[in-house]
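Here is a short report on one protein chain. It goes from the whole fold to single contacts.

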Amino acid sequence: MPVAVIRVPCSLNTTIGLIVKCKKMPNTRFSSKSLQSKTDISTSDTVPGSNEVSVPEIRVFARKRKVKTTVEAAEKEVKVEPRKQKLSSLPDIEEFAYKKGNGSALISKLKSTENVLPVDSEAASTIRSAGEPPLNWDKVLEGIHKMRSSEDAPVDTMGCEKAGISLPPEERRFAVLASALLSSQTKDHVTHGAIQRLQQNNLLTADAIDKADETAIKDLIYPVGFYTRKASNLKKIAKICLLKYDGDIPSSLEDLLSLPGIGPKMAHLVMNIAWNNVQGICVDTHVHRICNRLGWVARPGTKQKTSTPEETREALQLWLPKDEWVPINPLLWLSSKCPRTCYVFDWCKNSCTIPLFQCYAVTV
């Protein structure tokens, strides 16, 4: 408790010390009256034994703590105004959030509608319907024949159709299948060399491959692309051919596609060469690239390029005559630049995506 010491001067040259204990007032949070900062204490009593000497009036000043006054504030009502109706079809902020795997939802929407033109626009009239051939395609194809006849390609002498050409029919079919497997991501002369080494070591039959050591196969087919994986797939294919086809190869497109390492382009190629059964176009990287360059293929209902060889094959088969399905693959073996004598420039210049300064037909 706080203590106040009071010193009272007397006429007897003495100092009387009085100790006055002040009771501390309760310190409440909700008191609404302010307390006085000073307390006056008055007295007129005489001090005994002082011969009636009057003691002057004593004032005691006691410092009090200020009491904090708190006023309970009433809760303010927060009025939530309803959202105004959107004036346009702008995307919500959630559409800009990044989604793992799919990216931004808005960006994906924009990409999906890119280059897609409204039906009633003038540019939409230039979009070909499904199955409609491009303009002047026959003249372009005739010009490519002229250019191709003056330029030899490795595929002419070292393609898959040359694999095991001197072997019996069953062994040749397996040699064609092995050549198609090794040709992926590999140049024609490298694939041809690998097939030649396998044949020289009597390893172009399913039975011989199944019995051979995988390390020996890897050494013989090196340096084809992914030779380690291809050696393993070749052993697996040989085992399947022995167990299910009595040493021969599958005779249907579906069964060929079920083999390890065999894709659509390889399966169609094997069906064409080994079984003389044309079920589709063999579309690899160069056919995919040149068909898009000429404007021969596009995604349905758009002017977008096809993104994969399989999309190119499906789009090309919709309008290209079936008697052109087999020769189109070796025919479109062209270099990355147009030849110096271009026979298709008059029809290609509006759809060819090569810049004019790179085209020999313009610069020469």
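## Overall make-up

The model is predicted. Its protein chain holds 15 helices and 4 strands. The chain has 364 residues, and 34% of them count as buried.

Contacts across the sequence can be sorted by separation. Take those between residues at least 6 apart in sequence: 56% of these join residues at least 24 apart.

## The α4–α5 pair

Helix α4 covers residues 169–182, and helix α5 covers residues 188–200. The two pack at an angle of about 140°, and their axes lie 9 Å apart. Because of that angle, α4 is oblique to α5. The cut-off matters here: only angles over 145 degrees count as roughly antiparallel. The crossing of α4 past α5 is right-handed.

Which residues make the contact? From α4 come A175, A178, S179 and L182. From α5 come T191, A194, I195 and L198. Sorted by class, this contact has 6 nonpolar residues, 2 polar ones and no charged ones. An α-helix has 3.6 residues a turn, so residues three or four places apart point the same way.

## Helix α5 by itself

Just after α5, N202 takes a positive phi of about 55°.

The buried residues of α5 are V190, T191, G193, A194, I195 and L198. What do they pack against? Their partners are α4, α7 (214–221) and α8 (227–245).

L141 sits in helix α2, which runs over residues 137–149. Is L141 buried or exposed? Its relative accessible area is 5%, so L141 is buried; the cut-off for buried is under 20%.

Leaving out residues up to four places away in sequence, L141 touches W296, E324, I328 and L331. I328 gives a distance to check: 187 residues separate it from L141 along the chain, yet their C-alpha atoms are separated by 9.2 Å.

Note on methods
Residues are numbered from 1 along each chain as its sequence is written. This is a predicted model: local features need pLDDT of at least 70, side-chain atom pairs count only at pLDDT 80 or more; totals for chains, interfaces and linings use all residues. Side-chain values use heavy atoms; hydrogens and water are left out. Axes are lines fitted to C-alpha atoms, for helices over the stretch in contact, and angles run from 0 to 180 degrees between N-to-C directions. Angles under 35 degrees count as roughly parallel, over 145 as roughly antiparallel, 65 to 115 as roughly perpendicular and the rest as oblique. A crossing is left-handed if the near helix is turned anticlockwise from the far one by less than a right angle, and right-handed if clockwise. Contact means heavy atoms within 4.5 Å. Ala, Val, Leu, Ile, Met, Phe, Trp, Tyr, Cys and Pro count as nonpolar, Asp, Glu, Lys and Arg as charged, and the others, Gly among them, as polar. Buried means under 20% relative accessible area, exposed over 50%, partly exposed in between (1.4 Å probe, protein chains only).
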